[in-house]
Amino acid sequence: MNETNWKVSGKLKPGEIQLPSEDRLEEGPVAVAECPQQIPCDPCSQHCPVGAIDMEGLNDTPTVNFEACTGCSICVQYCPGLAIFLLDCSPKDGCDVTLPFEFDLPQVGEEVEGLDRKGKPIASATVKDVRTREESAGDTPTVTVRVPEEYVNRVRNIRRRK
Amino acid sequence: MRIEDHPILSFPEEEEVTFTYEGREVTGRTGETIASALHNQGIIELRKSGDKNRSRGLFCAIGKCSSCLMKVDGVPNVRTCITEVREGMEVEKQSGFPELPSSERKLNPGPIDSEKTEVLVIGSGPAGLRSALTAARAGAQVKIVDENPFLGGQLVKQTHKFFGSSEEEAGQRGIGIGEELTEKVEKEKKIDVMTSASAVGIYEGSVGIYVNRKKFVSIEAEKIIVATGAIEDTIRFPNNDLAGVYGAGGVQTLMNLYGVKPGSSALMVGAGNVGLIVAYQLLQAGVDVKGIVEIASEIGGYFVHAAKVRRAGVPILTNHEVVRVAGEEKVERATIAEVDEDGNRLEGSEKNYEIEFLALGVGLSPSYRLLHHAGCELTLDRRLGGYVPRKGPRMKTSREDVYAAGDVTGVEEATSASLEGAIAGADAAITLGKGGKREEETVEKAREELAGMRSGPYYEGIRKGVKEVRLERD
């Protein structure tokens, strides 16, 4: 199967995503948008409390200003496409990935499987934080998991172990 | 089978009702349809076809196709997908071409009631509800009819968050938008609501409504807003009529509205937004989705919807088509194959899947028939989904008193439907002498927002189609 194009594969490759520098990741949480298509949608930039997400018009793709981003995760909670993730490599024992998660929520402390953009289990992940729908500003539950540093740009979903 | 736990929805325990199916007692829940109650009991085959005695099950689940017709209390051809189950009901499987009941009382609807309204809205999805609210706010007397037992159209099952502009409720789940609109309509004193009421014809000066399968009402209306939505398409492959081949929206109705799962494993056909969204919602309902089969070489829906199902482990098989489905009485397996760029099947590429159902998210066609009956000028535009009315910039059709808004004018998003509804409702009020400056502003603002929604590359086809079918009037 042709995996070179996101219009065919339904997944982005790390090179196709605007990523913060390693230094920025180590400073603390920062938002990464995996939203390459021009569709009419603007809640992320409208709700960002510090104006860190640029979008010229309703149909333009978002650009995150990593220096201005405070890592508050509001955009993760609002994004209707569940396409924004929060990355944070300030912990000493790995990196945290905060992802939108609309399935049966895990418990804090639970060990789960970290899945890549194809849903393949690639790393073990520890649940650090869970935000329920009720707690979410934008009605989307989120889960924060800690993964080994080398997986910070690859883990984009989780699966609870049975 | 009932969905027990759902990450977004809760299905409160409703009171049980007992009815009979083929003479034996079965139970359902108050507020659900006959088809939903039967599905929960594992009864998937609802009738046998007329000439070839083929199995028929639920397809669209919103009253638009004829797949689910059954005999109810002795009356044949009842659409069991929109008829609520009631205590003591007698439901029978229909075989072949049914005989009409011998009792004349069951068929004779009795005297026809006459009613009057200034604005009649047919359909209560986003376009219908928004048009009704806009016209009523301007002071017009409005009546809404919908053939489903509830208001909200297809919003009632959209558990995902909508896109669009933050000014137009982007980021809200469709179900929430439906609930809000319905609540506003119910509070609005100038709006009268008739559910389980089918508009069967638009005549000169009146609209015929068949209410609760019991009586006819003739409604005299000065302005008619047709917001009848769209019907799901099917595609050709052997046994595409087998019970267990559903429209994707039909599956969505069953699981998200009534909390009933049509099976535990499935294939989705079509990687447009409907196919992608419903595949994701099937996962949320605990269904094992084996894959999404897409004949085109690219995913047609939004990338973000595709990415959600991909990272949940569902493959999207572009350049693939359904070869056939097979099973006794209902779907048990499906065969798919790869196709080349010209659509030719590649030899040896066939793959088999053991599945309990197949969902078709292969497109929608506008439900134009009432407009046709009304004599409104129609035109075929593939970009808009099929036959659509020619209409002016304020949603007026070629007939002075008939407006059209929402998917019936071209299959798009709920947000665009709602905006078109606002324009139609405002203009209907204005031409009735009710509206003022506020309504003119509503029209202007909605038109601007519509243009904004359609301005991106994803909507190029829609943009061109809308322009093409425009009636240069108003």
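I began where strand 14 of chain B meets strand 27 (residues 402-404) of chain B: three bridges join these two, and they run parallel. For me, strands pair if DSSP finds at least two bridges between them. Helices (H or I, at least four residues) and strands (E, at least two) are DSSP runs, numbered from the N terminus. I noted one pair here, B:I225 with its bridge partner B:Y403 in strand 27 of chain B.

Before going further, I wrote down that this is a predicted model, where local features need pLDDT of at least 70, side-chain atom pairs count only at pLDDT 80 or more, and totals for chains, interfaces and linings use all residues. Residues are numbered from 1 along each chain as its sequence is written, chains are lettered from A and ligands numbered from 1 in the order in which they are written, and side-chain values use heavy atoms, with hydrogens and water left out.

Next entry: the other partners of strand 14. Strand 14 of chain B (residues 215-226) runs parallel to strand 9 (residues 113-122) of chain B, with nine bridges between them. There I found B:L120 bridged to B:I224 of strand 14. Strand 13 (residues 207-211) of chain B is antiparallel to strand 14, and five bridges join the two. In that pairing, B:G208 stands opposite B:S218. Strands 13 and 14 of chain B make a hairpin with three residues between the strands, and B:N212 in this hairpin takes a positive phi near 55°.

Most residues other than glycine have a negative phi. B:E22 has a positive phi near 50°, and I located B:E22 in the loop between strand 1 (16-21) and strand 2 (24-29) of chain B. B:N77 also has a positive phi, near 60°, but B:N77 lies in strand 6 (residues 75-79) of chain B.

B:E22 has 45% relative accessibility, so B:E22 counts as partly exposed. B:N77 has 44%, so B:N77 counts as partly exposed as well.

Then I turned to an open sheet of three strands in chain B, in the order 4-3-8 with mixed pairing. Its edge strands are strand 4 (55-56) and strand 8 (94-95), each pairing on one side only. Strand 3 (residues 47-48) and strand 4 of chain B run antiparallel, joined by two bridges. B:R47 has B:R56 in strand 4 as its bridge partner.

One residue at the chain boundary got its own entry. B:Q284 sits in helix 6 (residues 273-284) of chain B. Its relative accessible area is 5%, so B:Q284 is buried. What is B:Q284 in contact with, leaving aside its neighbours within four places in sequence? I listed A:E102, A:F103, B:H6, B:P7, B:I8 and B:T159, where contact means heavy atoms within 4.5 Å.

Last, the whole chain. Chain B has eleven helices and 27 strands, and 59% of its 474 residues count as buried. Its C-alpha trace spans about 65 × 60 × 40 Å along the principal axes.

Technical notes. Buried < 20%, exposed > 50% of the residue type's maximum accessible area, 1.4 Å probe, protein only.
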